Amino acid sequence: MNIVQIKNKLGMMIMPKIIEDVEEKILLEAKDLLINSNYTTFTIRALSKKSGVSIGTIYNYFTNKRNLINAVFLSDWNKALERLKNINTNCSTLEEKLFQIYLEIDNFLKIYLSIFLEISSLESSIGHQPYLKSLYSLVDEILIFEKMKV
């Protein structure tokens, strides 16, 4: 539970309001805004207006736009990995397991590929390699599990 500053339709601050799961609300609204626009036009101000959470409160959670966008990516990536957590018990063959991993990666990229490309064209390095570490661990775990079955 957090107390956040809320703005009315005219942009004037009104009484503080208690909002549950502020960070999650910011991430969900940021994802929606990002997907329906693009990285270049995405602004903290637009997110504030869309979410009803003040700019200052957003900056309390995320130091800048890039940090916020990275948190959106990481949140969705972690959700994808969570869905794959029980892959060894939910799928029987290696092919089924690899196909499930493929589907999660494909879904993630369908949502974010254009944004990754936009960011990479603006910056010299995308810098999202740490996200892959957990995928590598998952694939290693599956391969170890499959080797033990043989």
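How many helices and strands does the secondary structure of the protein chain come to?

## Overall make-up

The protein chain has 7 helices and 2 strands, counted as DSSP runs (H or I of at least four residues for helices, E of at least two for strands) and numbered from the N terminus. Along the sequence, the pattern reads β-β-α-α-α-α-α-α-α.

This is a predicted model, in which local features need pLDDT of at least 70 and side-chain atom pairs count only at pLDDT 80 or more, while totals for chains, interfaces and linings use all residues. Residues are numbered from 1 along each chain as its sequence is written, and side-chain values use heavy atoms, with hydrogens and water left out.

## Burial and helix H1

Of the 150 residues in the protein chain, 33% are buried (under 20% relative accessible area, with a 1.4 Å probe and protein chains only). In H1, the buried residues are Val 22, Ile 26, Leu 27, Glu 29, Ala 30, Leu 33 and Leu 34.

Helix H1 covers residues 22–36, and its end C-alpha atoms lie 21 Å apart, in agreement with the 21 Å that its 15 residues should span at 1.5 Å a residue (1.5 Å times one less than the number of residues).

## H4 against H6

Helix H4 (residues 65–84) and helix H6 (residues 94–122) have axes that come within 9 Å and cross at roughly 170 degrees; these axes are lines fitted to C-alpha atoms over the stretch in contact, with angles from 0 to 180 degrees between N-to-C directions. The two helices are therefore roughly antiparallel (an angle over 145 degrees).

Residues in contact (heavy atoms within 4.5 Å) include Phe 73 and Trp 77 from H4, and Phe 108 and Tyr 112 from H6.

Notes
Buried < 20%, exposed > 50% of the residue type's maximum accessible area, 1.4 Å probe, protein only. Parallel < 35°, antiparallel > 145°, perpendicular 65-115°, else oblique.
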